[in-house]
Amino acid sequence: MGLVPPAQIIRELTPHAKFLITLSNPVTRMYSDYYFLNDDRRLAEKPPSKSNVGLRGAKEGKRKGRGRNIVDTLDFATDLLTEKSPEIFHERAVLQVKNFRLCVSRHMNASEYLEAVTGEAGAADAMSSFLNAKVGDETYMLSGMSAGLKKIVVGRWFRAAQICAHDRHAFGVAGWGRLSIGLYSLYYEKWLEHFAPAQFKIVRLEDYDASPREYLKDIFAFLQVDMPVDDAEWKKIIDPAVKNKHHTERLPMLPETKILLEQFYRPYNIL
């Protein structure tokens, strides 16, 4: 018996539930996540493990046949449990983007039999062009396709990407800046299989700082709960100090890393 998706369980228990989804820029979130966790999965602000448990466990997993972990593909000449820098993050981002695209390509199955299976002439060539596009150019490749071909390519691409995004051993590795957690559309679509779009409210974390009261008013209205009655009540909600603020000092992300990640995430935000 297969596992029952959490969304299906919640639907059976509370079919009229409402969901608040708070998103943040996936590029800056990935960089923050890189500094949030060490390779041993401990909080970066905590003393790191001296036993290199995280790295050794990854290599043992490979030897025992539990799958290849991208941790094994870099040369750990220094103790990366404690050392963090924009340069190391760039190496890890490049490798994750490369491996994610390879993973998607494997699962899309662009074989010569694709046209016979789909009944669409040119399907194999269209799929090949899409898979060979540069990072971020996927939408450009789709622009010249017929509606039928576009539906086939996007459908296979999206399902393949969902499979890869759920591979936490490859794309959710602590201390790397987990690439997969910023692929919001891949997870949101799964919930739409069980709930109507009207049951979801999506807000951007960055918008809170600009206008916290208006931000919260919108949420209260969606949830149909009472608004604060006066400024004193609003002050109690808005003014308390942030408890989980990240204090690790960091240099800015390298410009080339930012460009790469913006290009990588773009199709998952607009397709």
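Contact here means heavy atoms within 4.5 Å, and residues 24 or more positions apart account for 70% of the contacts in the protein with a separation of 6 or more. This is a predicted model, in which local features need pLDDT of at least 70 and side-chain atom pairs count only at pLDDT 80 or more, while totals for chains, interfaces and linings use all residues. Residues are numbered from 1 along each chain as its sequence is written, and side-chain values use heavy atoms, with hydrogens and water left out.

**Overall make-up**
- The secondary structure comes to 14 helices and two strands, taken as DSSP runs (helices H or I, at least four residues; strands E, at least two) numbered from the N terminus.
- Of the 271 residues in the protein, 37% are buried, a term for under 20% relative accessible area with a 1.4 Å probe and protein chains only, whereas exposed stands for over 50% and partly exposed for values in between.

- Leaving aside neighbours within four places in sequence, Leu261 is in contact with Val27, Met30, Phe89, Ala93, Val97, Leu179 and Met253.

**Helix H1**
- Leu13, which lies in helix H1 (residues 6–13), is exposed, with a relative accessible area of 66%.
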